[in-house]
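These are my notebook entries on how the parts of one protein chain pack together. I set down what I looked up, in the order in which I looked.

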Amino acid sequence: MKHMKITNPRIRYLTMFLFLLLTELFIGIFVHDRFIRPYAGDVLVVILIYTFLRALFPHGVKNLVWYVLLFAVCVEILQYFHIGRLLGLEHNRAAMIILGSTFDVKDILCYAAGCLIILVWEQPGRRKL
């Protein structure tokens with residue numbers, strides 16, 4: 001079978017987003033370890049958000065990777081203030097999974113690592129995601 005190359009950037013980013021979403025769901029449901037779930041999952045989540053936004057804006061948004069990192073750090077800081085509880089969502093499992101419940105500086109380092117991966121991958125002259 002001949003390899004089919006996807007040339008539409010919107011489709012490429014959407015495909016990557018869906019793959020990462022399925023990966024994150026798999027990790028969230030089935031992986032209960034001390035490395036993949038807490039660290040690799042956090043690295044992947046910023047890439048997931050980035051690919052989703054790039055599917056919406058396939059020709060890019062200046063500094064998008066930094067906006068994604070800022071968003072992730074803000075969500076992490078909101079965890080410090082127990083945002084889920086403040087919003088009355090502590091019994092909503094899906095909301096708590098999305099928002100998170102525990103602040104950890106290591107999570108911010110994982111978000112930064114994910115953004116570094118994006119920066120390396122998306123550098124000019126390199127194949128895009």
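**Entry 1: helix 2 and helix 6**

I looked up helix 2 and helix 6 and found that they pack at an angle of about 50°, with their axes 8 Å apart. Axes are lines fitted to C-alpha atoms, for helices over the stretch in contact, and angles run from 0 to 180 degrees between N-to-C directions. Helix 2 is therefore oblique to helix 6; angles under 35 degrees count as roughly parallel, over 145 as roughly antiparallel, 65 to 115 as roughly perpendicular and the rest as oblique. I noted that the model is predicted: local features need pLDDT of at least 70, side-chain atom pairs count only at pLDDT 80 or more, and totals for chains, interfaces and linings use all residues. Residues are numbered from 1 along each chain as its sequence is written, and side-chain values use heavy atoms, with hydrogens and water left out.

I then listed the residues in contact (heavy atoms within 4.5 Å). Among them are Tyr 39, Val 43 and Ile 47 of helix 2 and Tyr 111, Cys 115 and Ile 118 of helix 6. By class, the contact of helix 2 with helix 6 has 13 nonpolar, one polar and three charged residues. Here Ala, Val, Leu, Ile, Met, Phe, Trp, Tyr, Cys and Pro count as nonpolar, Asp, Glu, Lys and Arg as charged, and the others, Gly among them, as polar.

**Entry 2: helix 3 and helix 6**

I next examined helix 3 (residues 64-80) and helix 6 (residues 105-121), whose axes come within 10 Å and cross at roughly 170°. The two helices are therefore roughly antiparallel to each other. Their contact includes Trp 66, Leu 69 and Val 73 of helix 3 and Ile 108, Tyr 111 and Cys 115 of helix 6. I counted eleven nonpolar, no polar and two charged residues in the contact of helix 3 with helix 6.

**Entry 3: Leu 44**

I located Leu 44 in helix 2 (residues 36-56). Its C-alpha atom is separated by 7.2 Å from that of Leu 20, 24 residues apart along the chain. Leaving aside neighbours within four places in sequence, I found Leu 44 in contact with Leu 20, Thr 23, Glu 24 and Ile 27.

**Entry 4: the whole chain**

I recorded six helices and zero strands in the protein chain. Helices (H or I, at least four residues) and strands (E, at least two) are DSSP runs, numbered from the N terminus. The C-alpha trace spans about 50 × 35 × 25 Å along its principal axes.
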